[in-house]
Amino acid sequence: MKTALALSLVAAAAAAPFIAVAHPSKADNRAAIQTLEDQFATAVRAKDLDGIMKVYAPGSDLFVFDVVPPRQYVGADAYRKDWKGFLDMFKGPIKFTVSDLSIDAGGKMAYSHSIQHISGTDAKGKPVDMTVRVTDVYRKSGGDWRVVHEHVSVPVNMDTGKPDMSSAP
């Protein structure tokens with residue numbers, strides 16, 4: 001009896017590395033990122049800077065190309081200052097929508113691209129209305145997805161050199 005038990009334990013230990021471990025499916029990962037993007041949109045509409053920054057990787061793991069200078073933002077602290085300045089330029093509520101969101105997620109890395117539209121009134125009472133293209137790269141760490149790279153852009157009219165802030169298709 002002891003021999004049979006010992007052999008069973010040895011067999012179980014030997015098989016342990018081959019036992020399937022449940023990993024989130026691509027659909028589960030996409031759903032988690034969709035939820036993250038929904039939380040982001042809610043935070044932007046509420047002008048909730050802390051809520052906005054929750055979607056981004058902390059510390060120096062974040063790298064961003066934004067439509068406004070400087071050319072790049074390295075680290076969450078630098079990008080937080082950019083977001084604060086952006087939110088501070090609005091007087092009153094912000095209207096913000098994310099459309100055409102496409103997410104591909106697998107393993108510990110994912111990416112998305114979307115069209116984001118924001119409008120409102122600036123501190124001087126002038127209307128603000130802009131549409132940008134956004135590509136995000138996410139990394140999963142500790143079970144949570146966070147943006148580690150973001151690229152925000154607008155098309156440029158090559159004849160005039162001016163940005164197309166309405167970004168119509």
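S4 and strand S5, residues 127-141, pair in the antiparallel sense over 13 bridges. Two strands count as paired if DSSP finds at least two bridges between them. Strands here are DSSP runs of E with at least two residues, helices are runs of H or I with at least four, and both are numbered from the N terminus.

A word on the source. This is a predicted model, where local features need pLDDT of at least 70 and side-chain atom pairs count only at pLDDT 80 or more, while totals for chains, interfaces and linings use all residues. Residues are numbered from 1 along each chain as its sequence is written, and side-chain values use heavy atoms, with hydrogens and water left out.

Back to S4 and S5. Which residue in S5 is the bridge partner of His 113? Thr 135.

S4 has another partner. Strand S3, residues 90-106, pairs with S4, residues 109-122, in the antiparallel sense over 12 bridges. Ala 105 stands opposite Ala 110 in S4. This hairpin has two residues between the strands, and Gly 107 takes a positive phi near 60°.

Now the overview. The protein has four helices and six strands. From the N terminus on, the order is α-α-α-β-β-α-β-β-β-β. Buried residues make up 32% of the 169 residues. Buried means under 20% relative accessible area, exposed means over 50%, and partly exposed is in between, with a 1.4 Å probe and protein chains only. The protein exposes about 10600 Å², and carbon and sulfur atoms supply 60% of that. Those areas come from the Shrake-Rupley method with a 1.4 Å probe; for residues, only the protein chains shown count as cover.

Next, contacts, meaning heavy atoms within 4.5 Å. Take those between residues at least 6 apart in sequence: 50% join residues at least 24 apart.

On to the rings. How many aromatic pairs does a search of the whole structure find? Nine. Rings of Phe, Tyr and Trp (its six-membered ring) pair if their centres lie within 6.5 Å; planes under 30 degrees apart count as stacked, over 60 as edge-to-face, and the rest as tilted.

Phe 40 lies in helix H2 (residues 26-45) and Trp 83 in helix H4 (residues 76-88), so the pair ties together parts 43 residues apart in sequence. Both Phe 40 and Trp 83 are buried.

Another is Tyr 56 with Tyr 79. This pair is also edge-to-face: 5.2 Å centre to centre, 85° between the planes. Tyr 56 sits in the loop between helix H3 (49-53) and strand S1 (63-65), Tyr 79 in helix H4, 23 residues apart. Tyr 56 is buried at 3% relative accessible area. Tyr 79 is buried at 2%.

These four residues belong to one aromatic cluster, which also includes Tyr 73, Phe 86, Phe 90 and Phe 96.

Last stop, the cavity. The whole-structure search finds one of 30 Å³ or more. On a 1 Å grid over the protein atoms alone, a cavity is a set of points where a 1.4 Å probe fits but cannot get out, and lining residues have an atom within 4 Å of a point. Grid points are joined across faces, edges and corners, and the volume is the space filled by probe spheres set on the points. About 40 Å³ of space lies in the largest cavity. Which residues line the largest cavity? Glu 37, Phe 40, Val 55, Tyr 56, Asp 136, Val 147 and Glu 150. H2 and strand S6 (144-153) each supply at least two residues of that lining.

Terms used
1 Å grid on protein atoms, 1.4 Å probe; cavity = no way out; pocket = protein on both sides within 12 Å on 5 of 7 lines; lining within 4 Å.
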